[in-house]
Amino acid sequence: MMRNFILLFSILGIANIYAQKTSDSIDIFRINDLEYLERRGANVMLAHDFYPESHQGGVGIIQNGIRVATNGDLRLEPAPGQWQPVPKVGERQIDREKQEISVHMSYPDPSKDRQGFNPIIYPELEMSYELKVIPQGKSFKIIVDLDKPLPEEWIGKVGMNIEFFPGILFGKSFYMDDDFGIFNRQANGPGYYTDEDEFRLKPMARGNKLVIAPGTPKQTINIENLGENSLELLDGRAIHSNGWFIVRSLVPAGKTKNAIEWLITPNTLKDFIYSPVVQVSQVGYHPAQEKIAVIEIDPNDSRKIEAKLLRIDNEGGYTEVISKRPEEWGDFLRYKYYQMDFTHIKEPGMYVVQYGDYTTEAFQISEEVFQRNVWQPTLEYFLPVQMCHMRVNDRYKVWHGLCHMDDARMAPTDYNHFDGYLQGSETLTKYESGEHVPGINIGGWHDAGDYDLRVESQASTVQGLSHIYELFGVDYDNTSIDENTRIVEILQPDGKPDMLQQIEHGVLSIVGGYKSMGRFYRGIIVPTKRQYILLGDPVNHSDNKVFSNSEADEQIPVGLEGAPDDRWVFTEENPGRELSTAAALAAASRVLKNSNPELAEECLSIAESIWNTHKKESFVQKSELAVEMLRTTNKQEYSDFLVNNSEAIIANISNTGWIVGPALPLIQNDNFKNQIKAAVQEYYEEVVELGKKTPYGMPYEPDIWGAGWGIQNFGMKQYYFHTSYPEIFPKKYMLNALNFVLGSHPGVNTSSFASGVGSRSLTQAYGVNRGEFSFIPGGIGSGTALIRPDFPELLEWPFLWQQTEYVLGGGTTDYIFLVLAADQLLNQNK
């Protein structure tokens with residue numbers, strides 16, 4: 001008995017030692033299987049992301065469930081902006097024996113545009129180095145080893161930067177050695193000019209040890225400089241409005257080994273556990289809809305908690321409807337997921353889901369859930385606000401004045417614009433570079449916050465709105481649009497369907513360009529960066545007067561009357577884009593034939609011309625044009641094209657099946673139809689497998705940008721798959737896509753991606769309102785992004801375009817389409 005007791009005691013002792021050892025190991029940094037440093041409550045990534053221009057790259061830190069720092073790397077400026085040089089990033093190396101993560105970096109990166117590199121300020125630099133992160137117990141080191149010392153002309157210019165997210169630091173304090181201060185909400189002086197005539201702000205502090213947010217334990221970070229040059233705390237917003245707070249050390253002269261050596265200690269909350277989040281649609285559900293609350297929890301959270309569905313009583317308080325243990329779904333990204341299915345609850349009313357200390361925002365169950373306050377803001381606010389060549393009034397507010405009436409000058413040849421537009425060696429029109437192109441100072445919508453007019457955005461918006469109008473009969477009128485006076489009045493009906501007026505507005509831009517140049521424009525955009533970065537009313541882009549083309553006037557600075565501030569119009573040879581734009585015009589011609597028959601006829605004529613121009617070519621886009629022309633004209637020629645190209649259509653069925661589906665009743669070829677349906681059946685099986693990959697019943701595989709727009713587009717296509725092939729495709733995946741956009745998506749921020757829609761939504765976003773920490777109702781943000789390799793993020797911040805940017809095109813119309821489609825399908829059997 002004693003021997004057994006001793007043996008048991010020994011086993012328990014070993015187990016206790018092992019448990020203690022395991023517990024200790026969790027609380028120190030180590031390299032995990034995903035190749036980043038991890039300890040309980042903190043992660044350190046190196047070179048997982050590749051978008052430093054928008055605060056994703058280099059060394060990044062996640063602390064107590066929030067990404068607090070990024071872009072830890074050598075940079076050539078104290079506060080780099082969007083067009084400044086970035087290094088070429090090598091392959092990440094993992095040395096588990098040394099417990100070291102490293103990556104070889106070099107300047108210049110030959111793949112990057114050099115337009116942001118000012119050779120007057122900075123001569124050409126060739127520099128290579130090793131950037132390393134090394135765990136040190138509860139801390140980690142950042143070490144930079146240069147391959148050779150800095151050239152003399154670069155000493156005092158190259159430094160190690162790391163950027164800290166401002167949105168959680170405003171009003172928080174810092175200590176730098178014995179100095180101290182707070183993080184201000186706006187960039188404050190004093191400022192000064194360098195010897196190279198660059199404006200900078202005086203550093204907030206200098207020293208060797210920085211403590212960030214010492215009074216807020218979940219955000220406290222210590223940074224200690226172990227090298228020669230001291231730390232500087234800078235306000236990166238001094239030059240760039242989208243800047244972050246920056247910690248920087250200059251690279252010392254003559255140094256290679258340990259040229260930079262920092263010790264960083266992110267404070268973590270004891271036994272940190274990510275607080276559970278319940279993800280539901282912020283709008284709500286139709287009684288006939290599948291209703292699943294997704295619960296996202298920390299993998300270390302072993303608590304057994306019941307989830308509750310509570311109905312909000314009409315006189316206050318709650319009534320418990322369901323209380324049960326949610327079902328475990330499994331692991332996804334870095335979290336563990338559960339689901340609570342309440343599909344069988346159909347009683348109309350307002351509800352919340354409660355899980356432990358977390359209670360969702362209120363949402364409704366109602367047959368009218370999608371009929372008001374959901375798609376309308378996009379049509380009655382967002383689209384009007386985006387309208388170019390108009391003054392947009394909103395009661396006491398003017399969103400923007402009458403803008404860009406001097407559109408546009410032909411772009412220079414052999415030119416690569418800083419926003420990606422390329423002009424070849426010819427203008428492809430009768431107009432010479434610099435010459436005014438008439439007829440394009442009308443119609444169109446600004447795309448995103450860039451205020452440019454991309455033809456594919458104009459076309460996809462026109463086509464999307466045309467499909468919506470003919471499918472769902474939307475005669476909604478709550479906006480006054482006058483193309484003659486060029487005035488828009490939001491929340492003032494004018495007796496005309498808003499959607500038809502918006503279709504007409506987009507068509508006027510596309511058709512105007514074609515009639516003037518004999519081809520579609522590629523894009524229309526401001527010529528200078530000073531105009532491009534405008535945060536404010538686009539009426540200030542230009543003087544609204546056509547440029548004189550006088551050599552003397554070329555020297556007038558932008559912002560003064562008579563300056564060469566007119567936007568440039570770019571052209572291109574791109575058959576695919578021509579065909580898809582023509583398809584949009586073919587669709588518009590159907591819906592405009594009663595309200596504006598002359599414009600409808602012009603649309604059809606141009607579409608036919610494009611079809612004939614590409615008579616012998618075969619593209620996916622030509623199949624789309626064939627479908628639109630068949631539906632518009634019912635001519636056999638277009639049906640024959642589709643049948644004769646069945647092999648190509650079937651090979652790309654995920655992108656063509658939804659396009660061809662609505663035209664099948666017009667095609668008198670059973671063999672073709674059977675082949676298409678067989679291919680669609682195979683694609684459905686693929687969709688089923690994709691749906692199993694996430695707890696949302698949706699594929700979610702973002703690159704750098706949030707996946708919201710892509711998921712909306714997937715959902716729109718699913719409507720066509722369901723309605724064209726109802727015996728194969730259910731409506732489930734379309735509805736899952738809508739739920740995702742409206743709030744059932746990864747991450748702590750469960751906002752609806754549609755601003756002003758639902759109980760909680762994006763209220764800081766990046767559009768023509770940028771810089772105002774505000775939103776445009778009905779604008780659709782890009783949505784939850786993936787901070788590689790496994791952290792979903794949707795920050796409350798107006799300058800992260802890969803998370804909260806508004807865009808035209810599918811990002812707008814796919815959303816309206818999804819909501820109206822859900823309402824139609826869920827109420828069709830009433």
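Predicted model: local features only at pLDDT ≥ 70, side-chain atom pairs only at ≥ 80, totals over all residues.
## Salt bridges

Glutamate 456 and arginine 522 form a salt bridge whose closest N and O atoms are 2.8 Å apart; a salt bridge here is a side-chain nitrogen of Lys or Arg within 4 Å of a carboxyl oxygen of Asp or Glu. The two residues come from distant parts of the chain, 66 residues apart, with glutamate 456 in helix α3 and arginine 522 in the loop between α4 (498-517) and β40 (523-525). Helices (H or I, at least four residues) and strands (E, at least two) are DSSP runs, numbered from the N terminus. Glutamate 456 has 18% relative accessibility and counts as buried, and arginine 522 is buried as well, at 14%.

Residues are numbered from 1 along each chain as its sequence is written, and side-chain values use heavy atoms, with hydrogens and water left out.

## Further ion pairs and a network

The whole structure holds 37 salt bridges. In one of them, glutamate 347 pairs with arginine 311, with 3.7 Å between the closest N and O atoms.

Glutamate 701 is exposed at 59%, whereas lysine 693 is partly exposed at 46%. Salt bridges with shared partners connect Asp447, Arg454, Glu456, Arg522, Glu572 and Arg577 into one network.

## Packing of helices α3 and α8

Two packed helices are described by the angle between their axes and the distance between the axes. Helix α3 (residues 455-472) packs against helix α8 (residues 620-633) at an angle of about 40 degrees, and the axes are 14 Å apart. Axes are lines fitted to C-alpha atoms, for helices over the stretch in contact, and angles run from 0 to 180 degrees between N-to-C directions.

On the α3 side the contact involves Gln463, His467 and Glu470, and on the α8 side Glu624, Glu628 and Arg631; contact means heavy atoms within 4.5 Å. By class, this contact has no nonpolar, two polar and four charged residues. In this classification Ala, Val, Leu, Ile, Met, Phe, Trp, Tyr, Cys and Pro count as nonpolar, Asp, Glu, Lys and Arg as charged, and the others, Gly among them, as polar.

## Aromatic pairs

The count of aromatic pairs comes to 47. Rings of Phe, Tyr and Trp (its six-membered ring) pair if their centres lie within 6.5 Å; planes under 30 degrees apart count as stacked, over 60 as edge-to-face and the rest as tilted. The rings of tyrosine 285 and phenylalanine 363 have centres 5.7 Å apart and planes at 85 degrees, so this pair is edge-to-face. Tyrosine 285 lies in strand β23 (residues 284-285) and phenylalanine 363 in strand β31 (residues 363-365), 78 residues apart. Tyrosine 285 is buried at 0%, and phenylalanine 363 is buried at 0%.

Tyrosine 683 and phenylalanine 729 form a tilted pair, with 5.9 Å centre to centre and 35 degrees between the planes. Tyrosine 683 is in helix α12 (residues 670-691) and phenylalanine 729 in the loop between α13 (708-724) and α14 (732-741), so the pair ties together parts that are 46 residues apart in sequence. Tyrosine 683 is buried at 8%, as is phenylalanine 729 at 0%. Phe165, Phe170, Phe174, Phe183, Trp244, Phe245, Phe773, Trp797 and Phe799 form one aromatic cluster.

## Backbone geometry

Most residues other than glycine have a negative phi, and most peptide bonds are trans. The bond from tyrosine 107 to proline 108 is cis, with omega near -5 degrees, and proline 108 sits in the loop between β8 (100-107) and β9 (127-136). Arginine 788 and proline 789 are likewise joined by a cis peptide bond, with omega of about 5 degrees.

Glutamate 35, in the loop between β1 (30-31) and β2 (37-39), has a positive phi of about 70 degrees.

Technical notes: Buried < 20%, exposed > 50% of the residue type's maximum accessible area, 1.4 Å probe, protein only.
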